[in-house]
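Subject: The two-chain model, and what turned up in it

Hi there,

Here is the structure I promised to pass on.

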Amino acid sequence: MAQSTTTVLGALVNALTSSRIRVVDLTQTLTPDFPQIALPPEMGQCWPFRIEEVSAYDERGPGWYWNNFSCGEHTGTHFDAPIHWISGRDLPNNAVDTIPVQHFVAPACVIDCAEQVKADPDYLLTVADIERFEAAHGRIPAGAWVLMRTDWSKRLDPEAYQNFDETGQHTPGPSSEAVQFLAEQRDVLGFGSEAIGTAAGQGYHLRPPYPCHYYMHGAGRYGLQCLSNLDLLPPTGAVLICPPLKIQKGSGSPLRVLALVEDKA
Amino acid sequence: MTMPLMKPKRKNPVLRTRQMNLPPWARGRVALGMTAAAAEGRFELQVCKDCSAVQYPPREACHRCLSARLQWRAQSGEGTLLGTTTLHHSNDPFFRERLPWRLGLVQLAAGPSLIVHLHGEVGDAPAPVKVGALLDRAGQAVLIGFPAAVDGPPLDGGAPPRGAGAERPGANKLWSEHMADDKMLREMTSDPKFRKVLVTDGKTAVGQAIVQALVKAGAEIVWVGHAEPWKKLPGFDDITKLPQVTLVPLDLTNGRSVSELAGEIGGKVDIVINNAEVHRAFGIAARRGTDVAKAEMDINYFGALRLAQEFGPALRGRSADGVTHAAAWVNLLSIYALSNYPPHGTFSASKAAAHSLAQCLRAEMRPAGIRVINLFPGPIDDEWNQNLPPPKVAPAAIASAIVKALRDGVEDVYPGDVAQEWLERWRDNPKVLERELAAGGN
């Protein structure tokens, strides 16, 4: 039965069916080989993704295959809720189970920093980068995701992806000023990155430490990290669908992040 | 002089891999006392408390005065070889496959006369010999006659097998260079020479010391487990430069990683050394939650279980595969496995669990003749014991204890002064030790 094109949803379904709107997967596969965030070993650690077979059509279950898995809330491609950070801990609706579900479907602006990151893995997104983006593509609308494209997800080797040396991790992220600008001047929904965290690998040494967590979550905004395929998104116009698992008082959750992208007619 | 073992040719892949026929393994309860001593590297015989007679074979009562008051006492093993015989026929499958096999009759200076397996460097009778007890491939104590004096080059590199008389100070010249390569002795031991070894964690100082010691002991290949490759830890580059070393991805928390590696190299590994461990210094009250305790359990217990399930079958299948057959499995436990050390309480619990599992592994590996060696070190000199006062066991001492255990054919090793002392106190009275450890250890 053909969908009515007189309703918005009907038009959307038709556009999806005809592939005029494509669905792009921005998610890394959950596998034990994907690295997890590493803190000093005396601190509590986020569990990596682990999976064990329950049965595989064998004596443990003759007709069925299934697995048990374990991971932390911040494993793989995942969502950060405001309660994740101390700056957001007292905000209303700050956990994954209480965040208004409308926020899980929202437009995205993609700021391309791939060239800068190629030259400097510690690259910090600046306010000037944002202003340049807006000069080319228009003002970032309130309630939009801002995604920092770095092509970091193309580093398939976990060692290169983590990029540690004796001074710690070297991965790109936003500067403290850029985060404040986005949260306060642009009222964004959240910030998304391709590396293991929304803050840069050396973010602990910024002021304040981990500014993306501190300011975004302090303002009740969200984070997405370990995204991939950002190079398949237009600078503006994509819509993200990214509902985290409904974990009671959850600080975050692994999730599937999908982007709807409309082909130019 | 013993001819050095030459590096064996590659195996002929069209021939069936030989399967193990264990040497006679049945022992009565009393005779297991000799096995218990040999498992720790001692040659012990029953000594009568009433008339001081030393007796062999083990019995329920003194052969001279019929007293039941017998105790196991360490023996020097010094004696005289009275006669020798070489078997060219045997109805026992183990010996039948290893003929000819030389035996001797020895009169110990302490009294009893014994039948022993003879080292090739023991000459014709009469000759002075030194008897030692080793575990054979069935895991039972057997008696070995070693030469009491050997003219040969000074000890080069490897230590002699225990019991050979060379451990006394200044006695190194009694040990000839390739004595460990004796055909009979190699059946009893798990010498790393020409063997292929998996060390499950190369990132720690202990793991790196083990790798270095194995290379020095002549291991042909050392596969070194490399978890979380993005974490750079000191010392790692030194072992990766060794030509014998191959890094392999192995994370004992990840069942898929373990089974993938077993699929890849399981059929070639002769010795597994599981040194991967997580050690945090907490009791119950000093840390909220169970995440750290789980991390310890996940490596120290479940990691060992995953490893045993994946690598155990392949090792069992190759336990008679030529002179470099699969031979041994080494677990790095802790003296805390015997009795909980409350400041490291959850770690102690995980090592107690690992110890229990290692006993199960030993039972399951024994039918194939694979030796399971458990190391119970005292506190190791690493960052997780930074606040403990000395004495602490150096990583290199752990490594040499492992190589020595492989060469000596023992099962249980307690490296370090703390381990030795706690073991003694535990044997004396476990309840008293429990109270002492609760009060801080002393």
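Among contacts in chain B between residues at least 6 apart in sequence, what percentage join residues at least 24 apart? The figure is 67%, where a contact means that two C-beta atoms, placed from the backbone, lie within 7 Å.

Before going further, some housekeeping. This is a predicted model, in which local features need pLDDT of at least 70, side-chain atom pairs count only at pLDDT 80 or more, and totals for chains, interfaces and linings use all residues. Residues are numbered from 1 along each chain as its sequence is written, while chains are lettered from A and ligands numbered from 1 in the order in which they are written.

**Confidence**

The model scores ipTM 0.92 and pTM 0.93. Chain B has a mean pLDDT (the predictor's confidence in each residue, from 0 to 100) of 92, and 94% of its residues reach 70 or more. Two stretches of chain B call for care: pLDDT stays under 50 over residues 151-159 and also over residues 165-173. Where pLDDT is low, the predicted coordinates should not be read in detail.

**Chain B as a whole**

Chain B holds twelve helices and 15 strands; these are DSSP runs numbered from the N terminus, with helices (H or I) of at least four residues and strands (E) of at least two. Its radius of gyration, taken over C-alpha atoms, is 22 Å, close to the 22 Å that the globule rule (2.2 Å times the number of residues to the power 0.38) gives for 442 residues, so chain B is as compact as a globular protein of that length. Of those 442 residues, 45% are buried, meaning that 20 or more other C-beta atoms lie within 10 Å of a residue's own; 12 or fewer make it exposed, and anything in between partly exposed.

The contact between them uses 16 residues from domain 1 and twelve from domain 2. On the domain 1 side, strand E7 (127-135) and helix H3 (183-188) of chain B each give two or more residues.

Leaving out residues up to four places away in sequence, B:Ile210 touches B:Val199, B:Ile273, B:Asn275, B:Ala399 and B:Ile402.

**A covered helix in chain A**

Helix H6 (211-218) of chain A has eight of its eight residues buried, among them A:His213, A:Tyr214 and A:His217. The buried residues of H6(A) pack against several elements of chain A, including helix H5 (176-185) and strand E12 (222-225). Just after H6(A), A:Gly220 takes a positive phi of about 75°.

**Where the chains meet**

Twelve residues of chain A are in contact with ten of chain B. On the chain A side, H4(A) gives the largest share, three residues.

Best wishes
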